[in-house]
Structures are given as C-alpha cells and as structure tokens.
Amino acid sequence: MAPGIEVTDGDDLALKDSIRLIREVPDFPEPGVLFRDISPMLADPAALRAITDALGRGLEFDVVAGVEARGFLLGAAVAQAFGTGVIGLRKPGKLPEVADRISYELEYGRATLELPADTLRTGQRVLVVDDVLATGGTLGAACRLIRQAGAEVTTATVVMELTALEGRDKIVGEHVRALLRS
C-alpha cells in the first residue's frame, strides 16, 4: 500500500491492491506539495473496476452527477456499472443551454459549475462523484447545485480525501464518502 494512504473499507481487497498504482509526484503543483496522481489507477482495468464498484456500492440513486473533469470519467463508469444515467457538471461556457448554475469561493479565487438543461428531474436521487476531496469548495458547490435544481443528493463520493485540508467539514448536511484517505 502507498505510504500515508488508508482504505476506508479495510475489507475491499481489490481496492487495497489498486493503491500500489497511485503515483506520487513531489513538489507539484508547487514546492512542498506531494501530489498523488490516480491516473494510473484509472488506466488499469482491475483498479478501475474496483473504484467503480466501491463508489456506488450499497447506495441508492437514480442518476450520477460527475464533476468536471475526472468526475466525468468516474461518474460515467459508475452509471454504467449500476444501470443509471450520468450528468456532467460543467465549467462555464461549455454547455449550449444551462438549467442552473452556482458560483463558489475557492482558496485561490471564484469558480462556477453549471447543470446542463433537460438532464435532472425534480426529486431524483443523485450520487455526486468526483476524484478528490481537498478543501471542499467544488464538491460542496456540486451538492448545492443539485439541491438548488430540486433534486436530492444521496451521497457525495470521492476516490481520495486529503484529510489535512478538512474539506469534509465545509460540506455541511451531506453524506460524504471517500474510498481512500491521505
């Protein structure tokens, strides 16, 4: 297992095995930061299956909302595995028609997420999927956008949570699940 990474479900042997694929990149994106790259996990068929299964396991949802950009990849895989549709929550200027949008603060500025028109129905149960929970700004905004559109967030789930940044504390009132913690 990669140093400093914990599997939240200790019984998931396939997920434990896939941790070896996480690539550690020192001093990225800036000096002093250890970046944990999950791209090799996503490129490996067995690891991708383990992640996909774990992200949706035991949850009830009607549709998956993937957060741009790696959340699209993960969300589509989860939706396919669990027989639902997938919605991409996009950055501004990428959609021909927008049903709703939300702007939010990040540690380095402001950002916006948009919901595509004609994709989400009032009352639908939504599984929000992203790759990493860091400061909580983006994942929290995604959940607020889904609720603002009249749907229910059943769970916000991520592959890895960077616990030192305490992002979970900023996503008040949501059920947040991480497969891995660092």
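1. A contact here means heavy atoms within 4.5 Å. By that criterion, residues 24 or more positions apart account for 57% of the contacts in the chain with a separation of 6 or more.

2. This is a predicted model, in which local features need pLDDT of at least 70 and side-chain atom pairs count only at pLDDT 80 or more, while totals for chains, interfaces and linings use all residues. Residues are numbered from 1 along each chain as its sequence is written, and side-chain values use heavy atoms, with hydrogens and water left out.

3. The chain contains five helices and ten strands; these are DSSP runs numbered from the N terminus, with helices (H or I) of at least four residues and strands (E) of at least two. The radius of gyration, taken over C-alpha atoms, is 16 Å, close to the 16 Å that the globule rule gives for 182 residues, so the chain is as compact as a globular protein of that length. The globule rule is 2.2 Å times the number of residues to the power 0.38. Along its principal axes, the C-alpha trace spans about 40 × 35 × 30 Å.

4. Of the 182 residues, 47% count as buried. Buried means under 20% relative accessible area, exposed over 50%, and partly exposed in between (1.4 Å probe, protein chains only).

5. For residues 58-161, UniProt lists "domain: Phosphoribosyltransferase" in an unreviewed entry. UniProt positions follow the numbering used here, feature names are shortened, and annotations may be inferred rather than shown by experiment. Over this range the chain is 24% helix and 44% strand, with its end C-alpha atoms 19 Å apart.

6. The axes of helix H3 (residues 45-56) and H4 come within 9 Å and cross at roughly 75°. Axes are lines fitted to C-alpha atoms, for helices over the stretch in contact, and angles run from 0 to 180 degrees between N-to-C directions. H3 and H4 are therefore roughly perpendicular, a class covering 65 to 115 degrees (under 35 is roughly parallel, over 145 roughly antiparallel, the rest oblique).

7. Among the residues that meet are Ile 51 and Leu 55 in H3, and Leu 74 and Phe 82 in H4. The contact of H3 with H4 has seven nonpolar, two polar and two charged residues. Ala, Val, Leu, Ile, Met, Phe, Trp, Tyr, Cys and Pro count as nonpolar, Asp, Glu, Lys and Arg as charged, and the others, Gly among them, as polar.

8. Thr 84 lies in the loop between helix H4 (70-82) and strand E5 (85-89). Thr 84 is buried, at a relative accessible area of 18%. Not counting residues up to four places away in sequence, Thr 84 touches Phe 61, Asp 62, Val 63, Val 64 and Ala 79.
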